[in-house]
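Please look through the sequence and the three-dimensional model below before reading on. The briefing then goes topic by topic, from the whole chain to single residues.

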Amino acid sequence: MGSRSEASQPLSMQEAMRLAQSEDGQKLLNMLQQNHGDTLQSAMTQAQAGNYEGVKQALTSLLQSREAQALMQQLRGQAHG
């Protein structure tokens with residue numbers, strides 16, 4: 001259905017930053033940190049260095065989990081609603 005194609009569309013960096021500051025975004029970041037702290041730390045280090053392709057690569061696998069996908073769907077609903 002339509003929500004599946006929406007869920008597969010990548011977030012823009014601006015949208016991701018805005019959503020990361022929301023309450024649900026913070027839940028997602030906390031979940032990622034608890035379950036994948038080393039990878040998340042690596043992504044943050046990459047971001048600080050300006051290597052956004054490295055950030056994308058580091059986070060791609062993390063965002064494939066069911067929990068992350070459910071929270072991302074909620075975040076997208078907030079962004080479009």
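The structure is a predicted model, and its protein chain contains five helices and zero strands, so that the pattern read along the sequence is α-α-α-α-α. Of the 81 residues in the protein chain, 23% are buried. The mean pLDDT of the chain is 76, with 80% of its residues reaching 70 or more, although over residues 1–7 the pLDDT falls below 50.

**Confidence and overall surface**

- The stretch of residues 1–7, where the pLDDT is below 50, has five contacts in the model beyond near neighbours in sequence. Where pLDDT is low, the predicted coordinates should not be read in detail.
- The accessible surface of the protein chain amounts to about 5900 Å², and carbon and sulfur atoms account for 49% of that surface.
- If we take the contacts in the protein chain between residues at least 6 apart in sequence, 65% of them join residues that are at least 24 apart.

**The bent helix α3**

- Helix α3 has 26 residues, yet its end C-alpha atoms are only 23 Å apart, which falls short of the 38 Å that a straight helix would reach at 1.5 Å a residue.
- A bend of about 115° is found in α3 at H36.
- The buried residues of α3 are D24, G25, L28, M31, L32, L40 and A43.
- Just after α3 comes G50, a residue that takes a positive phi of about 85°.

**The nonpolar core**

- The largest nonpolar core is made of 10 residues, namely L19, L28, M31, L32, L40, L62, A68, L71, M72 and L75. Two of the helices, α3 (23–48) and α5 (66–80), each supply at least two residues of this core.

- Is L62 buried or exposed? L62 counts as buried because its relative accessibility is 3%, and the cut-off for a buried residue is under 20%.
- Not counting residues up to four places away in sequence, L62 touches L32, H36, T39, L40 and A68. In the case of L32, which is 30 residues from L62 along the chain, the two C-alpha atoms are separated by 7.1 Å.

- E67 is found in helix α5, and E67 is described as partly exposed because its relative accessible area is 48%, a value that lies between the limits of 20% and 50%.
- Although E67 and L28 are 39 residues apart along the chain, their C-alpha atoms are separated by 8.2 Å.
- S22 sits in the loop between α2 (13–20) and α3, and S22 is classed as buried because its relative accessible area is 16%, which is under the 20% limit.
- S22 and L75 are 53 residues apart in sequence, while the distance between them in space is 8.3 Å, taken from C-alpha to C-alpha.

Note on methods
Residues numbered from 1 in each chain as written. Predicted model: local features only at pLDDT ≥ 70, side-chain atom pairs only at ≥ 80, totals over all residues. Heavy atoms only, no water. Core = buried A, V, L, I, M, F, W, Y, C linked by side-chain atoms within 4.5 Å. Buried < 20%, exposed > 50% of the residue type's maximum accessible area, 1.4 Å probe, protein only. Helix = DSSP H or I, 4+ residues; strand = E, 2+ residues; numbered from the N terminus. Contact = heavy atoms within 4.5 Å. Areas by Shrake-Rupley, 256 points an atom, 1.4 Å probe, with all protein chains shown as cover. Expected span 1.5 Å × (residues − 1). Bend = angle between axes of the 7 residues up to and from the residue. pLDDT = per-residue confidence, 0-100.
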